[in-house]
Amino acid sequence: MTDIFWLIPFIPALSTFILAVFGSKLPKKYVSFQACFAVFASFVISVISFVGLLRIEHESVPIIKNLFSWIQSGSFQANLSLQLDSLSAVMAMVVTGVGFLIHVYSVGYMAEDKGYTRYFTYLNLFTFAMLILVMGSNLVLMFVGWEGVGLCSYLLIGFWFEKHSAANAGKKAFIVNRIGDAGFLLGIFFIFIHIGSGEFTAINEAISGGAITEGLANLIAILLFVGAIGKSAQIPLYVWLPDAMEGPTPVSALIHAATMVTAGVYMVSRMNILYTFSGAAAEVVAIIGALTAVFAATIALTQNDIKRVLAYSTISQLGYMFIGCGVGAYAAGMFHLYTHAFFKSLLFLAAGSVMHALSGELNMQKMGGLKKYLPLTYPTFLVGAIAIAGVPFFSGFFSKDAILTSAFASGNYLVWTLGLLGAILTAFYMFRLIFLTFHGTERIEPEAKKHLHESPPVMTIPLVILAFFSVIAGYVGLPVVVGKNLNWFKHFLEPVIKEAHEVHLSLATEWQLILLAVIVAFAGIFIAFIFYIRSPQIPGRLVARFPLIYKLLYNKYYVDEIYNAVFVNSTIKGSEKIYDHFDLKVIDGALNGTASATNFSGKILSYLQTGLLKDYALVFLLGAIIFLGYLLVF
């Protein structure tokens with residue numbers, strides 16, 4: 001059953017080729033059917049491969065399909081080979097499953113867009129690149145997918161490139177990711193130099209066998225994590241992700257939920273033996289994750305753009321995933337990646353449904369009272385908000401609790417405390433969004449209200465499916481207090497992921513931690529209810545009382561302005577000076593001087609080219625005389 005797993009990435013690749021070459025000549029119905037079917041076919045094969053893995057002994061995993069030898073240089077070799085194990089199987093199902101629903105949703109959302117075919121071409125290319133990233137058996141192939149999703153993010157974020165803001169957002173995502181990728185590439189080079197192979201199995205065996213020192217492991221792990229900071233939008237390279245909202249909403253869902261931003265978490269989990277061995281690097285991962293979780297959550301408190309709230313929410317939730325990986329609970333980090341894929345894609349697509357209903361409106365201050373107008377969008381949006389807030393019996397509760405419990409058990413109480421703080425902030429800003437958008441008084445613009453309507457079934461059916469999984473997805477990873485052997489997700493990943501340490505807490509302590517997490521979640525929801533339903537004048541009073549704090553949060557700590565002043569503007573000014581003093585005077589001067597010299601010599605030589613036969617005969621005669629004279633003398 002696992003023999004055909006290598007087809008998973010290549011079916012979307014074939015679809016991309018067909019759409020790129022023949023798409024302009026194909027009707028819209030065929031374009032959408034072909035693009036959706038390709039991803040669905042990959043999903044079916046992913047499920048078949050997953051079921052096949054369940055029937056295979058752990059000793060037989062990973063299954064590697066070597067398609068051909070790709071790079072051969074001296075002793076170094078890199079193959080185009082794909083790997084199937086529990087980690088890549090989970091990622092393949094998430095990418096293709098959630099990706100398929102986003103494709104279907106896009107059929108309705110992008111129906112009237114003039115770039116319809118181009119959009120689905122990019123979307124399938126994105127899926128192919130992400131599948132190569134998660135299924136490659138070596139770092140070289142992972143890097144190809146890593147750069148591929150970077151390219152696709154540039155194309156999709158700047159999809160409406162006629163808009164200045166969209167074009168800039170695409171460039172910003174591309175440039176910021178290149179910064180992180182430079183560190184990632186250096187880490188790969190160090191692995192090649194000291195281990196001699198890029199294959200994950202060889203790397204793990206070498207590290208386990210003591211091929212590198214702990215200091216070198218720390219250096220490599222930090223360099224690789226720099227790449228993850230860029231790709232997964234952590235401090236200080238998170239600034240590209242909020243601007244990614246300039247792309248179509250289904251693109252936001254794909255980037256934020258199933259692809260790209262989860263690449264860094266996947267990479268750290270894939271290299272778990274390296275990070276466990278490094279020690280200090282793992283601590284850096286946990287601290288950066290915890291700081292990012294709280295930092296992004298505080299910004300989300302004051303944003304009014306519905307998609308930007310969700311964008312900062314994604315940054316914050318990625319921080320939780322890195323907390324899990326940093327404290328050695330890689331399975332918990334991956335578990336949150338898995339549950340987050342469902343409820344975050346649901347939230348973005350539901351936000352897109354709200355925008356569709358309000359003719360593109362994004363400002364929550366111009367919404368309110370939408371509950372009665374959107375009978376399907378509202379309950380699905382609510383399910384997503386409940387899940388991400390960590391309310392019991394919804395998927396986000398189980399995965400977030402696993403991370404917080406692991407952080408506490410590891411003894412890293414600062415990280416655990418920051419995680420709890422982030423949890424209450426998450427519950428608050430998500431229900432602030434719910435109350436401002438769907439409850440309270442209507443603040444809808446008259447023109448938008450004229451066209452207010454629920455989205456078509458092609459958009460709402462994916463919402464219902466994602467809402468269903470946002471509820472049940474967490475039950476594959478039940479906590480120890482429910483039963484010792486009921487965390488099937490963790491057990492499934494055990495052949496690939498070696499936990500840094502097992503959680504050894506008493507049942508009483510675990511129950512206390514769960515109860516505290518539940519109290520924190522409900523406290524955030526209750527405070528949001530008081531602020532925006534019971535006493536909606538409170539937020540205004542707080543703004544008036546603490547204007548500097550509000551301004552700081554509303555302007556996102558002025559990080560973009562600082563980056564512009566320190567890096568962007570200085571680079572631009574430096575470029576202008578180089579242009580004025582070096583490019584114009586040296587480069588252009590050399591070229592212009594060469595052109596002038598050529599022109600001058602051409603004028604001199606032109607006197608010899610009169611076009612008169614007698615002049616040429618005279619020159620020929622003079623030449624003959626000179627030649628004869630030379631022969632006579634010498």
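In the predicted model, helix 17 gives the most to the lining of the largest cavity, with four residues. The volume of this largest cavity is about 60 Å³, and the structure holds one cavity of 30 Å³ or more. Helix 17, which spans residues 395-409, and helix 22 are the elements that give two or more residues to the lining of the largest cavity. The residues that line the largest cavity are Ala-389, Gly-390, Phe-397, Lys-400, Asp-401, Leu-404, Ala-423, Ala-517 and Ala-521. By class, the lining of the largest cavity comprises six nonpolar residues, one polar residue and two charged residues.

The largest pocket was examined next. About 670 Å³ of space is found in the largest pocket. Its lining consists of 27 residues, and those nearest the centre of the pocket are Leu-301, Phe-428, Phe-531, Tyr-532 and Pro-539. In the lining of the largest pocket, 18 residues are nonpolar, seven are polar and two are charged. At least two residues of this lining come from each of helix 18, helix 22 (507-534), helix 23 (538-545) and helix 24 (547-554). Helix 18 gives the most to the lining of the largest pocket, contributing six residues.

Helix 18 covers residues 413-438. Its 26 residues reach 37 Å from the first C-alpha to the last, which is close to the 38 Å expected at 1.5 Å a residue. Just after helix 18, Gly-440 takes a positive phi of about 75°.

When residues up to four places away in sequence are not counted, Leu-425 touches Val-294, Ala-297, Thr-298 and Leu-301. One of these contacts, Leu-301, is also among the residues that lie nearest the centre of the largest pocket. Leu-425 and Thr-2 are 423 residues apart along the chain, and their C-alpha atoms are separated by 43 Å.

How values were computed: Residues numbered from 1 in each chain as written. Predicted model: local features only at pLDDT ≥ 70, side-chain atom pairs only at ≥ 80, totals over all residues. Heavy atoms only, no water. Contact = heavy atoms within 4.5 Å. 1 Å grid on protein atoms, 1.4 Å probe; cavity = no way out; pocket = protein on both sides within 12 Å on 5 of 7 lines; lining within 4 Å. Points joined across faces, edges and corners; volume = space filled by probe spheres on them. Nonpolar A, V, L, I, M, F, W, Y, C, P; charged D, E, K, R; others polar. Expected span 1.5 Å × (residues − 1).
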